[in-house]
Amino acid sequence: MFQTRLAERAPGKKVWSFTFVFLAIILLVGGYFLLRQETRATIQEQSRDLLVVAELKVQGIKQWRQERLNDAANIAASPLFSGALSRWLGRPDDQELKGDIVSRLALAGRTYGYENIFVVDTAGQILLFVTAGTEVVSPETGRALEQALDRKETILSELQRNQSSHVFLDSVSPVISRDGSVLGALILRSDANLFLYPFLQSWPTPSPSAETMLVRRQGEQVFYLNELRHRSQTAFSHGPSLSQVSLPAVRAVLGQTGVFEGDDYRGIRVLADIRPVPESSWFLLTKIDAAEILAEARSRSARTMVILGLLMIISGGLAFFGYRQKKIAYLRTLYRLEKMKRETQEEFRTILYSIGDAVITTDREGMIRVMNPMAEKLTGWKENEAVGKPLNEVFHIISEETRARAQDPVSHVLQMGTVVGLANHTLLISRDGQEIPIADAGAPIRDEHGQINGVVLVFRDQTRERAARQALEESEKRYRVVVENAHSGVLIVDQDYRFEYVNERLCEILGRRQDEIVGHDFREFLDEESRALVADRYLRRQRGEDVPSRYEFNIIRKDGEKRRIEISSAIVKDLQGRIITVAQLLDITERKKAEEALRASEKKYRFLFNAGNDAIFVYRLTEDRRPAQFVEANELACRLSGYTKEELMELTPFDLVVPEERAAVNQSNLEISQKKQRIFERTFLTKDGRPIPCEFSSHFFEMNGQPTILAIARNITERKKAEESLRAALREKDVMLKEIHHRVKNNLQVMASLLRLQAAQLTEKKAREAFRKSQTRIRSMAMIHERLYQSGNLASVDFADYVEKLVTHLYVLYEVDQSRVHFRNEVGEIGLDINQAIPCGLIVNELVSNALKYAFPGSKKGELLVKMFRDENGRIHLVVKDTGRALPARIDIHSSETLGFQIINDLTKQLNGTLEYRRDGGNEFEITF
């Protein structure tokens, strides 16, 4: 019945045909766009992989070059190496020292993987080498040597090849002695075949065309530095010329960077990544054939087309043969399978999310499917964020030793097809940048047909394991270092007093070799008195009596010398349960002698401390640098203060100064603790209240780890009286000198006034002018004395202020408007004594007067400058300059018969100076003295 109704409702043949055609068109169109998408995705994926490979290789080469530089710099800078080389250069016949240097270099070469190590002088001649060979420095290494010696830094040579086609690179570092002189250079030779070439040839995944090229520019051609994959005998050979810009190698040496698509040296289309190797002339070219990139896309496309065809056939067949009946059966089966799958997944999830190890599962392409909570914790990614992402993005692992990225675990497991334990010393870089050491393993996930459809990774955090192991190793090392290098002798003896173990220091104390001590009775090395003491202590300790574990006795060395020893011992049980004695012996012979010398020194110090001519106080400082109680004082301090020593020890420095100076005591202590010593004056207050002026010389030091001040006080009462008398005499002298300058100034003013009155009675113009010039000269001298008696410093004249007033006076005298002739006063803060000020004032008077009278005739405008400064040699320069009319060329200022220039020349000689004249847009006079 149901089938009948279903048959009745079934669509006709045309409907089914139309539906089939419609579905076929949809499948074909979808397949076409899917093909294009697959091709585009494949190219983008290969481009990203190419960029990652190129970046890893550049970083690897950069790190390798930096390691060469660091190794050479560290060895050359070693004080042990430079000191040994300096000694050998002074004693070149010392074969033992030479052998020691070569042995150290050989050890460094084996440790860091160098083919050979040389030491050369500054001329490039080889002095020392580890492996015998061609003992000639190549031109490339010679140029690196010149740069290293010139810059005093480590330099890498270019990659080079010798006559036997052996490729190497030299790192050259100057060797500098303690006095800063260059002893020569250290050359570390690295074999390119040990790391560089294998690293360039490696590729993270199998590829028939992938290739890495290292090139540099040489002239107008590309120069290959390594063997090409598809051609032989190409290392260190010239490649194409720079005109062939379509080639990736040419683009590289011309400076282009990034991804480039073009034809390589075979004429085959490639996709290349171009980038320079930092701090070198090298360029790295990482490329892969475009055909290989597209091969996978074509393979996927073919599979897609086959699947589409099958789908079309299947869809047509299913539509024609009872689709609904099979669909019902399929749904039933699907329901049953889905139920079983859910039950299995739930069981799997419960186990997966409960175990203590981290678990990640991926598909064949390395895309994450599942992460348990422990994996989330270690990687820093949440499961819902990580699902669908590439494993390398979430599970970022590197080699702890090389810092290079570790091999992709998925590809490794897929290649092997079995459970694989991944590399040791692996670090997981979590999302927040934390480095976690892990132990991990990978296994394939197979379907019901045995085909691998994914990978499961199981890993755990090894941080605690490593820390525990490292702590154990470090503890063992510390124990061994402490015991073997202890300052005291360490021993173990059995119940019969026989040595079972001694360290090197104990052998030194006893003056015997280890085989002369181990197995011998401890009492053999003691004197008669000490044997009884040691035996008594040993027996009483074994009986359980409370006896001191630390005491002293005498030992007899092999050479017969008697030494005083301090022992600290303990009775313990070893791992076998035997009772043994573990002890430390310290040679205190010298300490005993020092203690005796200290007691004698203490007596001498006490005598000198109390026999001095000054009072001495010693007091400590609190944590905030405030003075505490006195801890020591000499006899003179007691006599000066009037206190007994016992009374002084109860006081502080505050109690021995007048009240108004107590606030300054704290400030003084702060200054002393910073500057370590200071001299200052204080008013000392005695026990009976008498104030005494004292000079204190205080010194800061530490006594028993506490800040302490030693203050030496000297009574300066008589000196104060003498200083007061001297100050009174100086005040009288100042008053007298000011009065003298005042009277000289008044007398000069009177002389100027007389000349002015006399000039008023003259009718001849030249005579009046001569009188006026004399008047200004006298006026300039009077102003000097005026400035002195008005100044607080009688030894120095403020010349800048003096020039300002003198020039102002001359402008008024010669009726010159400053708006027409602008005056600039650039005299610095220079003080002149009277023997310099008067000649300088007269010179300024003469030169400014001439400028105002002759340099600016009529309404001519300009500028007048007076400048004075002191140069770096301490000489003073006086410059008078105007922008007016220059002196006639016939006038020689050094031999002129005019009175003004004669006065200027005479005053310059009086100053022991020189006079220069320059016509620079006017007149410029410069007097240097």
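Which residue forms a salt bridge with K287? The sections below take up this pair, then other charged pairs and a surface patch.

## A buried pair between strands

In this predicted model, the partner of K287 is E211, and the closest N and O atoms of the salt bridge are 2.9 Å apart.

Side chains of opposite charge can pair when their charged atoms come close. Over the whole structure, a search finds 47 salt bridges.

## Partly exposed pairs and a network

R269 and E261 meet through their side chains in a salt bridge, at 3.9 Å from N to O. R269 counts as partly exposed because its relative accessibility is 43%. E261 counts as partly exposed too, at 47% relative accessibility.

Another salt bridge joins the side chains of E393 and K389, with 3.9 Å from N to O. E393 has 42% relative accessibility and therefore counts as partly exposed. For K389, a relative accessible area of 27% makes the residue partly exposed.

## A nonpolar surface patch

The surface also carries a nonpolar patch, formed by V21, I25, V29, Y32 and F33. Together these residues have about 490 Å² of accessible area.

One of them, V21, lies in helix α2, which covers residues 13-77. With 45% relative accessibility, V21 counts as partly exposed.

Conventions. Residues are numbered from 1 along each chain as its sequence is written. This is a predicted model: local features need pLDDT of at least 70, side-chain atom pairs count only at pLDDT 80 or more; totals for chains, interfaces and linings use all residues. Side-chain values use heavy atoms; hydrogens and water are left out. Patches are made of residues with over 30% relative accessible area and no salt bridge: like charges are joined within 9 Å, nonpolar side chains (Val, Leu, Ile, Met, Phe, Trp, Tyr) within 5 Å. Accessible areas come from the Shrake-Rupley method with a 1.4 Å probe; for residues, only the protein chains shown count as cover. A salt bridge is a side-chain nitrogen of Lys or Arg within 4 Å of a carboxyl oxygen of Asp or Glu. Helices (H or I, at least four residues) and strands (E, at least two) are DSSP runs, numbered from the N terminus. Buried means under 20% relative accessible area, exposed over 50%, partly exposed in between (1.4 Å probe, protein chains only).
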